[in-house]
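Hi there,

Here is the structure I promised to pass on to you. Have a look at it first, and then read on for my notes.

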Amino acid sequence: MNNCDPFFEQIEKSMDDFMAVRSFKDPKIPTKDPIGSQVLASLAGILFECLTRFKNSSATHPKLNDIVRRFQAWQDSWITGISASPPYFDDEFKYTSQAARDHITGYLKAKAKCLSNIVDREQAKLEKAARKTRRLSKFNLGTNQDEGIFSALHLTYDGPGENSCLGVPRHDNDWVNIEDIRIAPTHEELISTATPFLPANLYGAPHPHPDETMQRLLDIQFRLLREELTAPLRTSVQLVREDFLGQRKGNEKDSRLHGILKQRGGKYRGLVDTQGTVMFNVYTGVQFISLIPDRRGLSVRFSFDTPPGRARSSQARVRRAFWEGMSGKRMMQGGLIALVWKFGHQLDVHLGILASSVKEITESIQESKDRTSARVVFFDPEIELRILNILKDGCLQHDSTVIMVESPVMFEAIRPFLDTLKLAEPETIPFSEYLVHRPLGYFRDTGVLPPRYARNPGFAYQLAPLFSPEAGIDDLKLHVNDQESVATARHQLRRSRLDPSQAEAIVDALTREVALIQG
């Protein structure tokens with residue numbers, strides 16, 4: 001590609017001259033008249049080879065991109081000229097038949113579109129890299145380690161919803177704005193193997209919302225807290241689903257789920273990413289009993305196999321002691337459960353909240369050591385209609401299997417915080433200017449304002465009560481907007497009942513909207 005720019009400039013000048021005189025003929029050289037289609041096809045071939053044979057030619061030689069853009073215009077001008085009636089572009093091609101003309105011009109248009117697509121693609125790569133560079137250049141990173149972290153974050157960034165690398169959401173609950181996200185995960189979300197969008201809790205990290213805004217902070221806190229809630233259940237459901245559908249390696253009968261089904265319940269111990277392990281409770285033999293009104297809506301009463309161990313003791317008091325002792329570990333009221341329903345080759349996952357108290361569960365195990373009952377309020381009304389049909393028919397289909405997977409996280413304990421983060425108006429959050437992410441050293445340069453009430457005209461703190469009577473100080477006022485008054489207060493308080501660190505701390509607390517005091 002040496003000396004290619006002068007070559008492209010000469011091409012551009014010559015083509016402009018041809019278009020101006022509306023002919024490819026050279027009056028100074030008496031040769032056979034060239035045909036415009038041959039000229040344009042040859043030029044398209046040269047441009048294609050330059051773009052494909054020489055890597056990064058679009059980036060290193062901007063003139064090449066200009067020629068490709070101009071080529072489209074030159075071609076359109078030539079086609080219009082030979083197609084006019086009468087033709088005004090002097091070219092032998094104008095005498096060809098309409099069919100031949102359409103065939104050749106269609107071929108040239110396809111070539112031009114191919115060239116434009118290559119340039120557009122390469123330009124998009126350059127613009128994306130430039131945006132990342134601009135974002136990185138905004139940050140004053142102190143160490144090479146910081147630069148590596150931020151570079152990795154920007155290079156691996158895969159945004160939420162339609163901002164993802166693929167341009168489409170990962171599933172039906174993947175949204176750019178958290179107010180659109182359902183707190184309880186959906187069926188598609190639980191079975192999706194795509195990595196969820198988890199923003200870095202760092203200033204300057206890539207994020208769909210602007211820097212230094214409360215909207216961004218609320219988004220980060222919501223997504224990270226929600227991931228703590230949903231990740232264990234998502235992992236559990238995917239392991240069970242793989243076993244159910246026989247997607248795991250080896251014989252399906254040797255799967256962990258097969259063993260649990262055989263012993264009618266138990267703990268599933270699975271391997272995640274070949275390194276971590278996960279353990280969760282699986283309850284088998286689910287059978288629906290009735291639909292009961294609940295303060296949250298309709299609750300479904302169902303029975304399931306009592307888990308192995310002391311829960312199946314022949315003595316009722318031992319069974320009762322088991323469930324009472326496990327009240328904070330198993331079947332927690334307000335806990336999140338997933339009903340995994342396999343019907344033929346189809347598998348559905350329905351989420352709900354356990355509505356039964358420990359008392360209800362212990363009462364249900366009095367009569368039988370093999371069956372336990374509980375109530376669940378499901379999030380989706382479709383499952384209620386499905387269960388209603390089951391109750392109407394009297395039994396499950398013969399090839400149906402229903403099990404229950406229990407999440408180890410208390411859903412109802414976390415839900416109110418997620419609701420608040422999701423629905424809060426960012427502009428109403430107190431002290432938002434201090435809570436949002438700021439660059440390193442920001443508060444060292446800008447400082448913290450005094451409390452709003454202390455900025456009222458004429459307001460002053462009376463610090464005299466901090467002194468003993470022997471100190472002889474009956475009046476010591478602190479005006480937060482007067483630096484001399486603040487300095488005087490700091491000096492005088494050294495004689496007060498406070499030790500030096502306490503004296504400094506109280507002045508700092510009284511003169512700042514936000515203060516962190518240790519001790």
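F431 is partly exposed, with a relative accessible area of 41%. Do keep in mind that this is a predicted model. You will find F431 in the loop between α13 (411–423) and α14 (432–435). As background, most residues other than glycine have a negative phi.

E212 is another residue to look up. Its phi is positive as well, at about 55°, and E212 is not a glycine either. This residue sits in the loop that links α7 (187–191) and α8 (214–244).

While you are looking at the backbone, please go to S85 and P86. The peptide bond joining S85 and P86 is cis, with omega at about 0°. In general, most peptide bonds are trans. P86 belongs to the loop between α4 (62–83) and α5 (98–137).

That brings me to α4 itself and its partner α1. The axes of helix α1 (residues 4–21) and α4 come within 11 Å and cross at roughly 15°. Angles under 35 degrees count as roughly parallel, and α1 and α4 are therefore roughly parallel to each other. The crossing in which α1 passes α4 is left-handed. Which residues make the contact? From α1 they are D5, F8, E9, I11, E12, M15, D16 and M19, and from α4 they are K63, L64, I67, R70, W74 and S77. Sorted by class, the contact of α1 with α4 holds seven nonpolar, six charged and one polar residue.

Lastly, a few words on the strands. Strand β7 (residues 371–378) is mostly covered, as seven of its eight residues are buried. How many bridges join β4 to β7? There are six, and strand β4 (residues 297–305) runs antiparallel to β7.

Best wishes

How values were computed
Residues numbered from 1 in each chain as written. Predicted model: local features only at pLDDT ≥ 70, side-chain atom pairs only at ≥ 80, totals over all residues. Heavy atoms only, no water. Helix = DSSP H or I, 4+ residues; strand = E, 2+ residues; numbered from the N terminus. Buried < 20%, exposed > 50% of the residue type's maximum accessible area, 1.4 Å probe, protein only. Axes fitted to C-alpha atoms, helices over the stretch in contact; angles between N-to-C directions. Parallel < 35°, antiparallel > 145°, perpendicular 65-115°, else oblique. Left-handed = near helix turned anticlockwise from the far one by under 90°. Contact = heavy atoms within 4.5 Å. Nonpolar A, V, L, I, M, F, W, Y, C, P; charged D, E, K, R; others polar. Pairing = 2+ DSSP bridges.
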